[in-house]
Amino acid sequence: MATSGSKCRACKAPAVIDLPRHNANFCAEHLLQLCRRQVEKAIDDYEMFSKDDRLLVAVSGGKDSLAVWDMLVEAGYQADGFYVGLGIGDYSDESGDYVRRFADERGLTLVTVDLRDDYGYDIPTAAKVTKRVPCSACGMSKRHLFDKAARDGGYDAVVTGHNLDDEAAVLLGNVLRWDIEYLARQLPVLPARNGFPKKCKPLVRLTERETAAWCLIRGIDYLVEECPIAAGNRHLYYKDTLNSLEQKSPSSKSAFYLNFIDNMAPLLADQSAAAAGELNDCERCGSPTTNELCAFCRLVEKSSAHEPVPVELVLGKRGRS
Amino acid sequence: MQVKLRNPKREIEMRGGKTVNRLLDDLELVRESHLVICNGTLVPGDAKLGDDDVIEIRPVISGG
């Protein structure tokens, strides 16, 4: 039986987690309270949405998307879920099971799309056919379908489970390349524009360790295994690097990202407006695009004509073991 | 004690009597990237683990 001397900063009960970035330990109830407050602060500070808005939460079966859906519903927001079956072998089958179970147990509305059934392709095939990095084909497909589902369903905003670690890792990648256009768009809220719905990231003030702890304490069963294609990708390497830094210097990660939002993002606002530009309607699906056909319709055209590619052929470095 | 690890999924036997932080150090794992669950309950870094405990070290990093 484990014994610990750590006490909760708020109530002095035995702690269940130490959070060096807050220089504090917390019991289960006060860890949940901290998560709720950080999410409320992000929603308020960045003017994300109100309780009158209808929200579409993009869910994957992982801890972050299920945690944010749970937090929003618990706080009284109108939040439906949206799941995309990506066709990544057993990983996708399992992730869909977790999402459906979560929604069923709580009586929540879940909208689903399956790439293979509804569009005739899957992510391994798209990656092989288009010679795109698999995570790029996956991200582009999901973004298009989130936008479409939000427009079709009349939702006021799309909510994603991007957390502080996600945003800090993307920021590190953008800074290493000094990619001004991407830096200018890296905000907790992207307003609706040119046919794209508003996009919000309420978890940007919480680390992955904190969202995982939320799920454990709340009894949320989520898919712990990593996507076999993403394993070993550059994004994960940036996260590992930032966590090594965080271990030596607690709160570096939150200072890196949150101070960027407060101090640097306003200086890049003009760049963001300049990059917005005018868009046409895609000839096939009507989505906003700079071309005659949007990137998604071009991807569907190429990939659906190809024989399905097994996931093993596009596995990431760690996914092969 | 029995220690369950992931990526890849495996189980190892280790001697008890060490703290969570020491266990993570011995396995060269970064605390910020993991939660430690002892007999089904989340435990902090200074928790001392016993010989009979069942430990899960759960990675929290995802690559989406």
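When I say two residues are in contact, I mean that they have heavy atoms within 4.5 Å of each other. Keep that in mind, everyone, and remember too that this is a predicted model.

Let's start where the two chains meet. By that rule, 36 residues of chain A are in contact with 30 residues of chain B. How big is the area buried between chain A and chain B? It comes to about 2700 Å², and carbon and sulfur atoms give 51% of that. If you wonder why I quote an area, the size of an interface is often given as the accessible area lost when the parts come together.

Now for the pairs across this boundary. Between chain A and chain B there are 16 residue pairs in polar contact, with both residues at pLDDT 80 or more. Which elements give two or more residues to the side of chain A that touches chain B? They are β1 (17-19), α2 (63-74), α7, α9 (208-218) and α10, each of them in chain A. Helix α10(A) gives the most, with seven residues. Sorted by class, that side of chain A has 14 nonpolar, 10 polar and 12 charged residues.

On to charges. Side chains of opposite charge can pair when their charged atoms come close. Three salt bridges are counted between chain A and chain B. Have a look at B:Arg6 and A:Glu225, whose side chains form a salt bridge at 2.9 Å, N to O. Over all chains, the structure holds 28 salt bridges. One I like is inside chain A: the side chains of A:Asp70 and A:Arg218 meet at 2.8 Å, N to O. A:Asp70 sits in helix α2 and A:Arg218 in helix α9 of chain A, so this pair ties together parts that are 148 residues apart in sequence.

Two packed helices are described by the angle between their axes and the distance between the axes.

Take α7 (residues 164-177) and α10 (residues 234-248) of chain A: they pack at about 105°, with axes 9 Å apart. That makes α7(A) roughly perpendicular to α10(A). Their contact has seven nonpolar, three polar and five charged residues. Among the residues that meet are A:Leu172 and A:Leu176 from α7(A), and A:Tyr238 and A:Leu242 from α10(A).

Then there is α11 (residues 252-264) of chain A. Its axis and that of α10(A) come within 8 Å and cross at roughly 120°. Are α10(A) and α11(A) perpendicular or oblique to each other? Angles from 65 to 115 degrees count as roughly perpendicular, and therefore this pair is oblique.

Two details of the backbone before I stop. In chain B, a cis peptide bond joins B:Asn7 and B:Pro8, with omega about 0°. B:Pro8 lies in the loop between β1 (2-5) and β2 (10-13) of chain B. In chain A, A:Lys12 has a positive phi of about 70°, although it is not a glycine. You will find A:Lys12 in the segment before β1 of chain A.

How values were computed
Residues numbered from 1 in each chain as written. Chains lettered and ligands numbered in written order. Heavy atoms only, no water. Axes fitted to C-alpha atoms, helices over the stretch in contact; angles between N-to-C directions. Helix = DSSP H or I, 4+ residues; strand = E, 2+ residues; numbered from the N terminus. Parallel < 35°, antiparallel > 145°, perpendicular 65-115°, else oblique. Nonpolar A, V, L, I, M, F, W, Y, C, P; charged D, E, K, R; others polar. Buried area = accessible area lost by both parts, 1.4 Å probe. Salt bridge = Lys/Arg side-chain N within 4 Å of Asp/Glu carboxyl O. Polar contact = N/O pair within 3.5 Å; in protein donor to acceptor, adjacent residues only side chain to side chain.
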